[in-house]
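Q: Please walk me through reading a strand and its sheet.

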Amino acid sequence: MLPVRTALLIAVVAAAIGVAPVAAQPADGPLFARLPASETGITFSNDLDEGPEVNVLSYEYLYNGGGVAVGDLNGDDRPDLYFTANQNANALYLNEGDFQFREVTEAAGVADRGGWTTGVTMADVNGDGRLDLYVCRSGWMGPEQRRNRLYIHQGTGADGVPRFEERAAAYGLDDPAQSTHAAFLDYDRDGDLDLYLLNHPVRRYVGRSELDRARDTDDPMAGDKLYRNDAGSDGSGAPTFVEVTAEAGIKSSALGYGLSATVSDVNRDGWPDLYVANDYMADDYLYINQGDGTFEESLRDWMDHTSYSSMGSDIADVTNDGRPDVFTLDMLAEAQRRQKLLKGPEGVQFYRDLRSRGYYFQYMRNMLHRHNGNGTFSEVGQLAGVSNTDWSWAALLTDFDLDGRKDLYVTNGYRRDYTNLDFLNSVLFSSID
């Protein structure tokens with residue numbers, strides 16, 4: 001989610017799609033080359049206009065960043081890039097080959113100005129063989145400015161530029177909730193894509209009782225949602241999405257704070273499952289697909305503990321045993337000095353209090369859950385050396401060096417040292433005064 005320098009992002013995207021300069025490099029040489037904007041043509045930057053009314057104290061997700069989606073939009077077998085900006089226009093870059101990109105946002109009709117834009121997903125939503133764009137929105141503004149956008153691919157012109165038409169309302173997906181991201185999956189295996197919408201609250205809860213009430217209260221603006229694709233049910237032949245959150249067993253808690261949702265067949269029964277990473281004290285969710293249109297939240301059956309402030313997540317077979325393993329990110333610093341400078345793990349009594357109030361075992365560090373093949377995971381993040389990566393946002397497990405083993409890439413950073421203890425103490429004292 002956090003904006004990454006474009007040059008580094010291009011290298012990561014290339015490796016993720018199997019294009020890497022490994023063959024020309026010695027085994028002990030550099031794996032990636034940094035490409036400046038002057039060479040790639042990608043000048044996108046997610047710039048924020050901060051001020052007295054727009055700052056991290058008034059909106060705590062201000063620095064969470066936008067999103068990036070990768071896919072071949074014009075049928076030339078080269079991956080194109082779409083970036084979202086929180087306050088400014090989004091940007092679409094067509095891949096011209098040899099890491100040269102052409103910006104075609106306006107011509108494609110996907111600038112998407114207005115509102116506070118967050119994540120973006122590429123998927124063939126209407127099943128016509130072309131990738132569409134689903135753009136999420138959040139923020140403190142009214143519901144009309146928060147409505148998510150769905151850009152349906154209308155075909156590619158003679159100039160090689162794909163054209164899109166905004167159709168979220170027509171498809172039933174112009175949801176006005178505070179959305180972080182969206183995941184498309186065929187959860188009912190009927191041949192079309194359904195949508196899991198990851199949401200979060202924007203209000204601050206004060207006190208334990210208010211937090212606990214929020215956890216046990218559904219909120220259509222803050223809680224997650226599941227939309228089933230009833231393709232052609234209105235007689236038009238076009239997809240019609242119907243919200244089925246409650247009947248499918250999906251939690252829509254006001255205390256969700258969703259930061260990532262990852263799809264995988266966790267129990268290897270042929271049905272797609274979901275792992276949802278929730279920030280703060282809210283439990284993560286592991287939804288096991290029951291194969292009858294419903295999910296069963298089963299995290300406590302599968303895992304002994306999870307990350308506390310769960311952020312990005314990924315699922316991949318890390319151990320090459322044919323079973324999917326789960327990795328989640330948190331924000332524990334690596335060095336002891338920085339751990340002491342920042343607000344870090346709470347004391348034992350804090351965690352005992354969480355358990356007494358019904359929350360699960362959660363600890364402030366990254367977690368690598370190794371699949372045991374018997375309906376359980378063993379958490380081995382510290383043993384694997386991946387538990388402390390500071391303020392982390394997104395994780396990507398893939399074989400970067402093509403040696404047959406999964407490597408791990410983590411995006412890091414926050415614009416200001418928001419959890420510095422000196423800063424937090426000054427804010428606390430000023431609020432008391």
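Q: Is strand 11 mostly covered or open, and how many of its residues are buried?
A: Buried means under 20% relative accessible area, exposed over 50%, and partly exposed in between, with a 1.4 Å probe and protein chains only. Strands are DSSP E runs of at least two residues, numbered from the N terminus. Strand 11 spans residues 225-229 and is mostly covered, with 4 of its 5 residues buried. This is a predicted model: local features need pLDDT of at least 70, side-chain atom pairs count only at pLDDT 80 or more, and totals for chains, interfaces and linings use all residues. Residues are numbered from 1 along each chain as its sequence is written, and side-chain values use heavy atoms, leaving out hydrogens and water.

Q: Which strands pair with strand 11?
A: Strands of a sheet pair through backbone hydrogen bonds, either parallel or antiparallel. Here, two strands pair if DSSP finds at least two bridges between them. Strand 10 (194-199) joins strand 11 in the antiparallel sense over 3 bridges. Tyr196 has Leu226 as its bridge partner. Strand 12 (241-243) also pairs antiparallel with strand 11, over 3 bridges.
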